[in-house]
Amino acid sequence: MPTSLLWFRRDLRLSDHPALLAARDAAGPDGTVLPVFVVDPRLWGPSGKPRRQFLRECLADLDATLDGALVIRSGDPADVVPRLAREVAAGGVHVSADAGPYGRRRDAAVEAALGDVPLVRTGSPYAVTPGRLTKDDGTPYRVFSPFARAWRAHGWRAPAPRPRAVAWHDGVDSEDLPPDQGLDGVRLPPAGEAAGRAAWRRFRDERLAGYGDTRNRPGVDGTSRLSVYLKYGCVYPRTLLADLTAENLPGEHVRRFTDELAWRDFYADVLWHRPETAHEAFDPRMRRLEYDTGPDADARFAAWAEGRTGYPIVDAGMRQLLGEAWVHNRVRMIVASFLTKDLHVDWWRGARHFLQHLVDGDLASNNHGWQWVAGTGTDASPYYRVFNPVRQGQEYDPDGDYVRRWVPELRDVPTRWIHEPWRSPDGVPAGYLLPIVEHAAERQVALARYEAVRAGA
């Protein structure tokens, strides 16, 4: 019987899965589909324990959905995939296209190793495949707003139907799931397609109507928490977009949420055109920006990473990262600004720390989000944006609920002083710290360094 090999990557679901349908159709009515996941050491090693654990749980969920048919193998995909294809005499290997720098190189190597067996790319993890949208002159977009307008105008296909029945290939040996990562109390969301779709329904039905008002409040459950499910393809963005169109939902809140999906596609598109920006400044001038190094910078970085800077909103965010492997988006910007512009530490160091600890860590979104804050990225006017951690806390956590949750030393501090406890008549509570730097002074240092880059442009 003809067999298609379906190589799962960032598409761990069965609904709205174009590559699955392509594999089934290629096998024909009498054929079978072999579902495979390759544990690639080039990706597994750098991922960090939260992402590895969540992936493990997603694979367990997918295998259960497939009635135990999922084949797991470890090793270099350029060796593993062609060997499996030969083992089952596969007529083709079907995948969702990968837009990342490593993924593109890996797939080219697999394609070459497959020889006459085609590697068939159908769909991608994005609503609009990276590289598809360009300006009228053929150059890529550098700024989000015009990209988002083109993205909406381009649109996306309707969701693909979930196949009622697929003849899964059996009789192929599988390795065990990757080892449990032992997270020592870090609380991860439930994994898998059903959990992702349930998270979407809860957000759509309960919180979307107020999204524009609550999305920046870290002390309120106002965001979707879908980033990890999008990261691993437990849900597909066009499924969400189609749902938003079909439902009678409040327009402004829908637009704001849709913008977040557009940001995700935008950063993937930037990385597609400029793969070096995963590690280097998007704006070449900013590669000359001065950062602090040496023991003092290392000590400040450690204080930031452990949530002991003396700035409550910063410390709360970094402790949330360690406790939930996730950080509210507004707080991600605050802590990134503090590291790069108050502590003058290279954005790449912070981005790498986030990727080690975030369960939703995504190279394109994470690293370009850091660059947006650091002033090295795609933003059209980055130089004067320096987040004041006290004012940010007062504006977005006005009652101090978020700080009190993650910084228990401050639970008894009156709301008036919760974001600047050093000004309280009672002083800083025992066990907490005075600020490790003075924000106003460090802001001037940061602006001077940006001006030095601009002057030398």
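## Asp16 and its surroundings

In this predicted model, the side chains of Asp16 and Arg238 are joined by a polar contact of 2.8 Å. Asp16 sits in the loop that runs between strand S1 (3–8) and helix H1 (18–27). Its relative accessibility is 3%, so Asp16 counts as buried, the cut-off for buried being under 20%.

Leaving aside neighbours within four places in sequence, Asp16 is in contact with Pro159, Ala160, Tyr236, Arg238 and Thr239.

## The nonpolar cores

The largest nonpolar core has 107 residues. Those with the most contacts inside this core are Phe8, Leu12, Trp151, Tyr229, Phe257 and Trp304. Helix H11 (residues 251–273) supplies the largest share of the core, 8 residues. Another core, of 19 residues, lies apart from it, and includes Leu34, Val81, Leu84 and Leu119. In soluble globular proteins, nonpolar side chains tend to be buried together.

Beyond its neighbours within four places in sequence, Leu12 is in contact with Phe37, Leu55, Cys58, Leu59, Leu62, Glu193, Tyr232, Gly233 and Cys234.

## Arg152 in helix H6

Arg152 belongs to helix H6 (residues 144–154). Because its relative accessibility is 35%, Arg152 counts as partly exposed.

With neighbours within four places in sequence set aside, the contacts of Arg152 are Arg255, Thr258 and Asp259. The side chain of Arg152 reaches the backbone oxygen of Arg255 at 3.4 Å. Arg152 and Asp259 are 107 residues apart along the chain, and their C-alpha atoms are separated by 9.6 Å.

## Helix H19

Helix H19 (residues 439–455) has 17 residues. From its first C-alpha to its last, H19 reaches 24 Å, close to the 24 Å expected at 1.5 Å a residue.

The buried residues of H19 are His439, Glu442, Ala446, Leu447, Arg449, Tyr450 and Val453. They cover an arc of only 160° around the axis, and therefore lie on the same side of H19. An α-helix has 3.6 residues a turn, so residues three or four places apart point the same way. The buried residues of H19 pack against helix H14 (329–342), helix H16 (363–374) and helix H17 (389–396). The exposed residues Ala452 and Ala455 are on the face of H19 turned away from its buried side.

Key
Residues numbered from 1 in each chain as written. Predicted model: local features only at pLDDT ≥ 70, side-chain atom pairs only at ≥ 80, totals over all residues. Heavy atoms only, no water. Core = buried A, V, L, I, M, F, W, Y, C linked by side-chain atoms within 4.5 Å. Buried < 20%, exposed > 50% of the residue type's maximum accessible area, 1.4 Å probe, protein only. Helix = DSSP H or I, 4+ residues; strand = E, 2+ residues; numbered from the N terminus. Contact = heavy atoms within 4.5 Å. Polar contact = N/O pair within 3.5 Å; in protein donor to acceptor, adjacent residues only side chain to side chain. Expected span 1.5 Å × (residues − 1). Arc of directions from axis to C-beta.
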